Amino acid sequence: MKRKAAGGPGKNAKPAPDTWELRLYVAGQTPKSLAAFANLKKICEEHLKGKYHIEVVDLLKNPQLAGGDQILAIPTLVRKLPPPIKKIIGDLSNTLCVLVGLDLRLRT
Amino acid sequence: MAKEKTKLLRGSLQKVPTGIVGLDEITNGGLPKGRPTLVCGGAGSGKTLLGMEFLVRGATQFNEPGVFMSFEESAEELTKNVASLGFDLNRLTASKRLLVDYVHIERSEIEETGEYNLEGLFIRLGNAIDSIGAKRVVLDTIESLFAGLPNPSILRAELRRLFRWLKKKGMTAIITGERGDNTLTRHGLEEYVSDCVILLDHRVANQISTRRLRVVKYRGSIHGTNEFPFLIDERGIVVMPITSLGLKHTVTSQRISTGIPRLDTMLGGKGYFRGSTILVSGTAGTGKTSVAAHFVDAACRRGERSVFFAFEESPSQIIRNMRSIGIDLQHWVEKGLLTFHAERPTVYGLEAHLASMEKIIDLFKPKVVIVDPVTNLISVGSEADVKAMLIRLLDQMKSNQTTALFTTLTGAGGPLELTEVGTSSLTDTWLLLRDIEIGGERNRTMYILKSRGMAHSNQIREFLLTGKGVDLIDVYVGPSGVLTGSARISQESQERDIESMHQQEIVRKKLNVETKRKALEAQIASLRAQVQAEEQELKKLTGQEKMRQNGVSKLREKIAGMRKEDENSERRKR
């Protein structure tokens with residue numbers, strides 16, 4: 001599990017809350033998981049600098065954790081805070097969709 | 001080479017018993033071991049229950065723990081739902097024989113942002129399987145994923161991978177799927193799971209719903225291909241394969257009384273065969289139930305248990321009515337020898353009736369079973385269905401050497417010898433009750449249409465319902481045909497009159513002759529006396545003559561002596 005904290009305001013469409021708790025579920029160090037983590041970090045740095053917190057859960061190491069957030073797809077990013085809970089599946093390569101999924105951008 | 005390999009596999013196809021009543025018979029032993037089986041059907045067809053029962057039976061009867069992965073209902077809901085069937089999921093979960101995992105996906109929460117796979121599901125399922133050492137898996141219903149997750153093409157590829165993975169893990173799995181419009185499942189799961197496909201159906205015909213099960217496909221195994229009715233009761237799923245019982249029952253030549261002495265006489269003097277099937281058919285009001293009641297009464301008198309399935313009258317009504325002909329069924333009920341089971345046929349479907357009847361028979365173990373009347377069951381099923389049900393019921397009873405008596409109502413005006421459900425070929429003894437209309441009266445008659453394996457009377461008997469039960473009387477068969485009722489009585493009295501007239505005539509003639517004889521005898525006696533008198537007279541005359549002759553010769557000698565006649569005189573010589 002990795003923890004990463006950073007700060008800084010993002011240039012988003014609507015005012016973002018101050019704390020962002022994000023959890024990324026992966027299964028081993030697959031290219032997809034690595035890509036997802038890299039993509040996520042990039043987006044957060046860009047939009048939520050200093051306000052976010054990423055937790056990476058490797059289900060191969062902790063399989064029992066899959067039930068808690070109802071994880072089926074890998075990789076899945078779960079936005080724990082701010083509510084409501086949001087789930088974003090895939091390798092997060094589509095930045096626009098990630099922003100929409102995280103409510104950082106209005107759905108067009 | 002490849003062919004040989006499949007052949008070998010076929011021979012060695014292992015099966016896992018489901019423990020579901022009847023299903024293992026149809027599938028010849030159960031589901032394919034280590035392979036996924038697709039169970040599809042519409043809403044409310046019993047897919048979830050079949051899956052759950054597969055796991056519960058596996059855990060309790062075959063020591064095979066199971067994982068139930070539910071995509072629709074939560075564990076609490078499932079537990080509550082199956083509790084009514086006697087499945088205690090909490091106990092099984094606590095003892096680690098069952099694991100229910102509720103997978104919930106909310107489409108609105110999910111955003112797809114690129115390539116993904118279902119590794120999370122695999123890990124979750126794998127973890128569940130490993131934690132209890134599961135051998136059985138149920139996925140109910142995995143098609144919900146199509147609604148919850150975007151990008152069906154990825155999903156399809158992942159499902160294919162999932163089933164392969166399950167096979168590799170050696171899991172005997174049930175995958176449920178919602179029935180599609182033209183396909184077995186809405187999302188074509190049958191493309192991936194093709195070893196065994198079971199189709200569940202829930203059909204309504206004539207306002208009565210019937211659940212049916214069909215094994216569409218079973219790779220590498222023979223299986224029953226028919227649609228089999230099944231029902232869900234407190235035993236869980238009960239499939240009723242009609243073909244499961246054959247004509248293998250042994251028979252006995254023991255005979256049992258019909259309860260009507262005269263009828264016993266008609267049946268070769270001993271009554272029905274034990275374990276045979278008796279059909280009593282007739283139009284309305286011909287006394288079918290009374291014949292049945294007599295038989296029950298006789299069985300109870302012998303101390304045998306009987307079950308009376310009534311589809312027309314309530315038990316108390318039957319008891320009251322039978323009391324009027326002198327049969328007290330109440331005290332047999334109180335003694336526990338007789339049990340009534342009365343139900344309107346329309347309360348549920350045929351297979352439910354069959355199941356409940358089988359259950360009662362299993363429970364009560366009767367020697368005599370009455371179904372009164374079977375024809376009422378037609379209101380809930382087609383003729384063919386009822387016949388199939390009866391065959392099944394009869395086979396079961398015959399194998400237990402239970403004697404069954406069915407009554408059937410034949411419509412007035414229809415051919416009497418045609419039973420509505422075509423049960424005639426199933427029965428061993430067939431009593432036909434019919435009305436004969438003569439002289440403004442309707443009278444009951446009875447005859448034996450057939451009775452397999454015994455000599456029986458071919459005569460029509462008049463059938464009387466008296467205060468002491470059924471009585472059978474010879475009908476009048478004379479030059480003017482068959483007479484019954486008062487026509488018979490008047491004919492008989494007429495005959496009696498003629499008869500007595502004849503007899504008087506004879507007596508008179510006899511007397512005549514007697515007097516004549518007496519007169520003649522008297523005459524003979526007087527004549528004889530006359531003859532005697534004359535004979536006497538004759539004797540007297542002869543005597544006198546002798547004496548006279550004697551006197552004459554003596555006189556002559558005297559004279560001769562006096563005349564000194566010589567010895568050789570003419571006179572002396574004379």
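Some ground rules. Residues are numbered from 1 along each chain as its sequence is written, and chains are lettered from A and ligands numbered from 1 in the order in which they are written. The model is predicted, so local features need pLDDT of at least 70 and side-chain atom pairs count only at pLDDT 80 or more, while totals for chains, interfaces and linings use all residues.

Confidence comes next. pLDDT is the predictor's confidence in each residue, from 0 to 100. Chain B averages 83. In chain B, 92% of the residues score at least 70. Residues 1-9 of chain B stay under 50. For that stretch the model has 1 contact beyond four places in sequence. A contact means two C-beta atoms, placed from the backbone, within 7 Å. For the complex, the predictor gives an ipTM of 0.79 and a pTM of 0.67.

Now the overall build. Chain B has 16 helices and 25 strands. These are DSSP runs, numbered from the N terminus: helices are H or I with at least four residues, strands are E with at least two. Of the 574 residues in chain B, 41% are buried. Buried means 20 or more other C-beta atoms within 10 Å of a residue's own; exposed means 12 or fewer, and partly exposed lies in between, with C-beta atoms placed from the backbone.

Let's pick one strand. Why is β7 of chain B, residues 136-140, largely enclosed by the rest of the structure? Because 5 of its 5 residues are buried. R136(B), V138(B) and D140(B) point one way, and V137(B) and L139(B) the other. In a regular strand, side chains alternate between the two faces of the sheet.

What does β7(B) pair with? Pairing needs at least two DSSP bridges between two strands. β4(B), residues 66-70, runs parallel to β7(B), with 5 bridges. There, G66(B) has R136(B) as its bridge partner. β8(B), residues 172-178, also pairs with β7(B) in the parallel sense, over 4 bridges. L139(B) stands opposite I175(B).

Last, the core. A nonpolar core is a set of buried Ala, Val, Leu, Ile, Met, Phe, Trp, Tyr and Cys residues joined through C-beta atoms within 7 Å. The largest one has 160 residues, and V239(B) and V296(B) touch the most other members. Helix α10(B), residues 288-301, gives the most to this core, with 8 residues.
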